[in-house]
Amino acid sequence: MPNHRVAVIGAGAAGSVAAIFAAGAGAETLLLERTKDGGRKILISGGGRCNILPARVDETRFVTDSSPHTLRNILRSWPLAEQIEFFERELGLALVEEAGSAKLFPASNRARDVRDGLLRLAAKRGARFLPGTRVTGLVPHAGQWRIEREGAPPLDADAVIVATGGLSVPATGSDGAGLAILAALGHTIHPTYAALTPVIQEPPELAALAGVSLPVAITAKDGRRTAASAGGFLFTHRGYSGPSVLDVSHVVARSRAEGDGSARLQVRWTTLDESAWERALRPEGTRTVGGVLRRELPERLADALAERAGVPPGRALAQLRKSERLRLIECLVRGELPWSGDEGYRKAEVTGGGVSLAEIDPRTLESRRRPGLYVSGEALDAFGPIGGYNFLWAWATGRAAGLGAARGP
Ligand SMILES: Cc1cc2nc3c(=O)[nH]c(=O)nc-3n(C[C@H](O)[C@H](O)[C@H](O)COP(=O)(O)OP(=O)(O)OC[C@H]3O[C@@H](n4cnc5c(N)ncnc54)[C@H](O)[C@@H]3O)c2cc1C
């Protein structure tokens with residue numbers, strides 16, 4: 001019996017893990033990668049430190065247009081505790097939880113250790129790495145797959161795993177070519193959109209606040225969808241960033257893509273609710289509005305919020321009219337954040353949309369449309385929030401596809 005040959009397309013997060021498990025299960029494994037080294041998103045992840053996994057998982061925070069139930073089944077195929085054990089035992093990377101963020105990082109704080117460790121383990125298990133190889137097409141051919149390459153003769157394989165990622169940060173190698181190949185093979189691709197990307201406002205009304213950062217609670221909402229997040233918020237020269245903004249940015253991106261751009265962003269700038277602000281703003285001595293706000297907020301933001309509410313920061317509380325107080329509280333608890341766009345794929349940490357999960361066997365990640373074809377990682381219609389969730393998805397789907405493809409029909 002000749003060996004069962006598995007070709008993995010894309011040596012990013014999902015593909016490198018797929019190659020490890022396919023080769024580990026005994027398949028003759030090829031790992032094809034268009035860049036000269038692979039895993040470039042891993043290298044730039046987590047600011048070069050690689051937030052490799054979340055310390056705890058809330059599955060409800062994943063976003064998909066497919067069935068959330070199917071998404072959960074796929075995710076649970078490799079539970080977090082087992083993933084942690086894999087990285088610690090098989091890659092020899094101790095993982096450390098960052099205080100206050102529920103994120104796991106390698107103790108070395110070096111993303112390179114993760115990328116190099118994965119490619120080394122794939123090679124150790126027998127996978128052959130073919131960098132500088134751009135796949136241009138997949139053709140079913142006599143019960144096998146013919147893999148067309150740019151500038152080189154085609155290769156044949158019994159099973160193919162597409163792990164080509166999405167469209168975000170194209171400089172890392174993922175440009176959507178894999179999705180086009182899958183679409184040409186008859187797969188349903190849910191419309192793609194930039195996710196986890198900064199939001200912009202032009203002209204930048206609040207540019208004077210650039211550099212101000214603080215924890216907030218933020219909600220993005222339009223007629224079709226809502227997303228909420230709590231965490232870091234950063235004013236930039238062009239708009240807003242920070243984990244909380246990134247987490248809800250897909251609602252903004254989709255609201256624009258779908259035409260009306262009607263999404264609203266509302267921010268609660270502190271932990272105080274309406275009644276707590278009512279108490280804080282009660283007339284007392286000679287205190288001013290600005291003075292009270294600055295106890296809870298960075299000074300520049302405190303003054304800007306008072307001005308947005310039409311209340312001079314120097315106004316004494318004793319002189320504050322009821323209508324002004326109500327406007328101020330509204331601004332502090334449900335402040336409207338003006339926006340005009342987003343940074344798109346250029347800065348998106350991930351691509352939303354992708355191959356419909358309904359066309360994928362959740363146990364093996366084999367296509368229900370094309371036997372012998374498997375899909376993993378960001379190419380699938382799912383993404384998670386900031387915090388290691390997207391690697392959690394990439395590792396889980398890479399492993400399932402690797403094992404599925406190695407097992408074969
Ligand atoms: C700046 C940034 C920071 C991030 N930080 C984090 C983080 O800290 N934690 C986290 O969980 N997630 C993070 N992410 C998200 C995470 O990197 C992705 O979700 C993950 O890399 C997706 O894995 P993937 O294997 O599906 O795709 P990718 O990692 O993008 O890999 C796809 C691979 O396929 C190759 N390829 C594409 N087309 C072809 C072709 N036609 N032929 C051959 N090869 C091809 C590409 O060159 C690439 O190597 C970050 C993303 C960015 C952009």
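I count a residue as near a molecule or strand if one of its heavy atoms lies within 4 Å of it. By that rule I looked up the ligand and found 34 residues around it, the closest being Ala14, Glu33, Asn51, Glu378 and Phe391.

**Entry: conventions.** I note that this is a predicted model, where local features need pLDDT of at least 70 and side-chain atom pairs count only at pLDDT 80 or more, while totals for chains, interfaces and linings use all residues. Residues are numbered from 1 along each chain as its sequence is written, and side-chain values use heavy atoms, with hydrogens and water left out.

**Entry: the ligand.** I searched for polar contacts, taken as pairs of N or O atoms within 3.5 Å. A backbone N or O atom of Ala14 lies 2.8 Å from a ligand oxygen atom, and a polar backbone atom of Val135 is 3.0 Å from a ligand nitrogen atom. For Asn390, a backbone N or O atom is 3.3 Å from an oxygen atom of the ligand. I then looked up the accessible area (Shrake-Rupley method, 1.4 Å probe): taken alone the ligand exposes 1,000 Å², of which the protein buries 95%.

Using DSSP runs for helices (H or I, at least four residues) and strands (E, at least two), I find that the elements giving two or more residues to the shell are helix H1 (13-24), helix H2 (40-44) and helix H12 (389-407). H12 supplies the largest share, four residues. Sorted by class (Ala, Val, Leu, Ile, Met, Phe, Trp, Tyr, Cys and Pro nonpolar; Asp, Glu, Lys and Arg charged; the others, Gly among them, polar), the shell divides into 13 nonpolar, 15 polar and six charged residues.

Entry: With strands taken as paired if DSSP finds at least two bridges between them, I read an open sheet of five strands in the order S6-S2-S1-S10-S20, with parallel pairing. Strand S6 (128-130) and strand S20 (373-375) each have a single partner strand, so one side of each is left without a neighbour in the sheet. Strand S10 (159-162) is joined to S20 by three bridges in the parallel sense, and Ile161 has Tyr374 as its bridge partner in S20.

**Entry: the antiparallel sheet.** I also looked up an open sheet of seven strands, ordered S17-S16-S13-S14-S15-S12-S18 and paired antiparallel. Its edge strands are S17 (335-337) and S18 (341-342), each of which pairs on one side only. Strand S12 (199-200) and strand S15 (239-241) run antiparallel and are joined by two bridges, and the bridge partner of Val199 in S15 is Tyr240.

Methods: Polar contact = N/O pair within 3.5 Å; in protein donor to acceptor, adjacent residues only side chain to side chain.
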